[in-house]
Amino acid sequence: MTRVSLYRCAEYDKHVLFDVFVKALDDAGFRADGFRGARVAIKPNMLSASAPEKAVVTHPVFFAAAVRMVKAHGGVPVLVESPAFQSLEKVALKTGYDRIIAEERMEVWDNKSVAVITNDQGRKFKRFEVAKPLMEADILLNLPKIKTHAITCLTCAVKNLFGTIPGLAKSQWHMRAQTREEFPEFILDFYGAIKALFNNGRRVLHLVDGIIGMEGEGPGPAGTPRRLDMVLAGTDAVAVDRVVAHLTGLDVAKIATIGSAAQRGLGVGKLEDIEIAGQAIEAMAVQNFKAPGRSFSSRIQDGLLGFNAVKNLCVEKPVPSAERCTLCYQCKSICPAGAIHKSEGTQRVPRYDYNACIRCYCCLEICPEAAISLEKGKLQWILDRL
Ligand code: SF4
Ligand code: SF4
C-alpha cells in the first residue's frame with residue numbers, strides 16, 4: 001500500500017511550509033535527512049510568465065520553502081524547468097522566482113544541455129530528450145500545482161514532469177501524439193522513462209501546491225484561481241493524482257494519467273489502496289470544483305480529428321478575442337501545427353487555419369492575455385447530448 005499525506009495549509013509562508021513539507025514527506029515515507037549530500041533536481045510548474053496570484057505557476061514561496069528545506073538538510077538543489085514558450089529568465093522575473101534563485105545562489109538548468117532517456121515498456125514512444133541534470137540527480141523533487149487541463153483534465157504530479165523536456169520540443173510532442181487518447185499515453189510513456197531513470201535508490205518525491213489551485217479552463221491564464229488550502233506529499237505520482245482527483249471531485253474516468261497509468265503498473269490508481277496520512281480526506285474535499293468545460297466524448301472526437309469538415313463542426317476550436325489580444329504572437333510561436341498566422345489588414349487577432357489545427361490547445365495555455373477561448377462546433381451541441 002502506498003501512502004499520500006495531506007495537510008491543511010492556507011498560507012504561502014516559507015517557515016510554515018518548511019515544517020509542513022518535512023512532516024508531509026516523513027508521513028509519505030521519506031525522512032528529510034535523506035537529502036544529506038544529495039543532488040536534488042527541483043521541478044516546479046513554471047508554465048509561463050504570470051503573476052503568482054493567477055495560479056498558473058507553482059507559487060514562488062512554495063518553491064522557496066522547498067529549496068530551503070533541501071539546503072537545510074544538506075542537499076544541493078538545482079532548478080530544472082522549461083517553460084512552455086518563454087525563456088526561463090522571463091518567467092522567473094515575472095513570477096518572482098528570480099529573487100529566490102539569486103538569494104539561494106542556486107544552480108539553474110540552462111535549457112540546452114539534454115540527455116536521452118528510454119522506456120523499453122513504452123506503448124508507442126520509447127526515447128525522450130530531457131534536461132541533463134536529471135541524469136546526475138539523486139532525487140527529483142516534483143512541485144506541481146493542482147490545475148485543470150484541457151486535454152488531460154487534471155495536471156498535477158504525473159503531468160508536471162513533462163516540463164523536464166526542453167523548450168519547444170514539448171509542443172512537437174503534441175504533433176506526434178495528436179489525439180486526446182494519444183497525448184496522455186505519451187505522457188505515461190514518458191513518465192515510465194522517468195521512473196526507470198530514478199531507480200536503484202534514486203528517488204522521485206512529489207510535493208503538491210494545492211493552497212491556491214486552478215479550476216475551469218486551465219492550465220493557463222484562462223483558468224480561474226481557486227483556494228483549496230492543501231499540501232500533499234507522496235512518492236507515487238499516480239497515487240498523488242488519484243487523491244487530488246478525489247478531493248476536487250474531478251471525474252477519474254477522464255484522467256487517463258490515473259486509470260491507464262495504474263493499468264500499466266506505473267502507480268496506484270485505486271483510492272482504497274492508498275493510505276492517507278495527516279488530515280482525513282473527506283474533511284478536505286472541495287465543493288463545486290469546476291472541471292474544464294469540454295464535455296464532448298473524447299473517443300468520438302478522436303475519431304473525427306482526421307476529417308477537417310467534421311472536425312470543424314464537432315470539436316472545440318481555439319478562438320482569439322480582439323478585445324484582449326495584443327498581437328504578441330506567442331500563440332503563433334508555440335503552435336506545433338503551423339496553424340496560426342499573422343493578422344491581415346484590419347484584423348486585430350492572429351489568423352487561424354482550423355484545418356491545420358490539431359486541437360492541442362497549446363495556444364490557449366500560453367496566451368498571456370487569456371485572449372483565447374474554446375468555441376463549440378455547430379454540431380457539437382447535438383453530439384454533446386448524445
Ligand atoms: S491570442 Fe494571445 S498569444 Fe496570440 S497574439 Fe493574441 S495575445 Fe498573443
Ligand atoms: S492553433 Fe492552437 S490548438 Fe491548434 S494546433 Fe495550433 S496551438 Fe494547437
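Domain bounds in this description come from an automatic or database domain assignment, and the structure to which they are applied is a predicted model. On that basis the chain is assigned domain 1, covering residues 2–284, and domain 2, covering residues 298–385. The C-alpha centres of domain 1 and domain 2 are separated by 28 Å. To the contact between them, domain 1 contributes 19 residues, while domain 2 contributes 21 residues. On the side of domain 1 that touches domain 2, ten residues are nonpolar, seven are polar and two are charged.

A helix pair was also examined. Two packed helices are described by the angle between their axes and the distance between the axes. Helix α3, which spans residues 88–95, packs against helix α4, which spans residues 97–104, at an angle of about 100° and with the axes 5 Å apart. Because angles of 65 to 115 degrees count as roughly perpendicular, α3 is described as roughly perpendicular to α4. Ala92, Leu93 and Thr95 make the contact on the side of α3, and Tyr97, Asp98 and Ile101 make it on the side of α4. Sorted by class, this contact of α3 with α4 comprises four nonpolar residues, one polar residue and one charged residue.

Ligand 2 is surrounded by 13 residues, of which the closest are Cys335, Ala337, Cys357, Cys360 and Cys363. The shell around ligand 2 is made up of twelve nonpolar residues and one charged residue, with no polar residues.

Definitions and conventions:
Residues numbered from 1 in each chain as written. Chains lettered and ligands numbered in written order. Predicted model: local features only at pLDDT ≥ 70, side-chain atom pairs only at ≥ 80, totals over all residues. Near = placed C-beta within 6 Å. Nonpolar A, V, L, I, M, F, W, Y, C, P; charged D, E, K, R; others polar. Contact = placed C-beta atoms within 7 Å. Axes fitted to C-alpha atoms, helices over the stretch in contact; angles between N-to-C directions. Helix = DSSP H or I, 4+ residues; strand = E, 2+ residues; numbered from the N terminus. Parallel < 35°, antiparallel > 145°, perpendicular 65-115°, else oblique.
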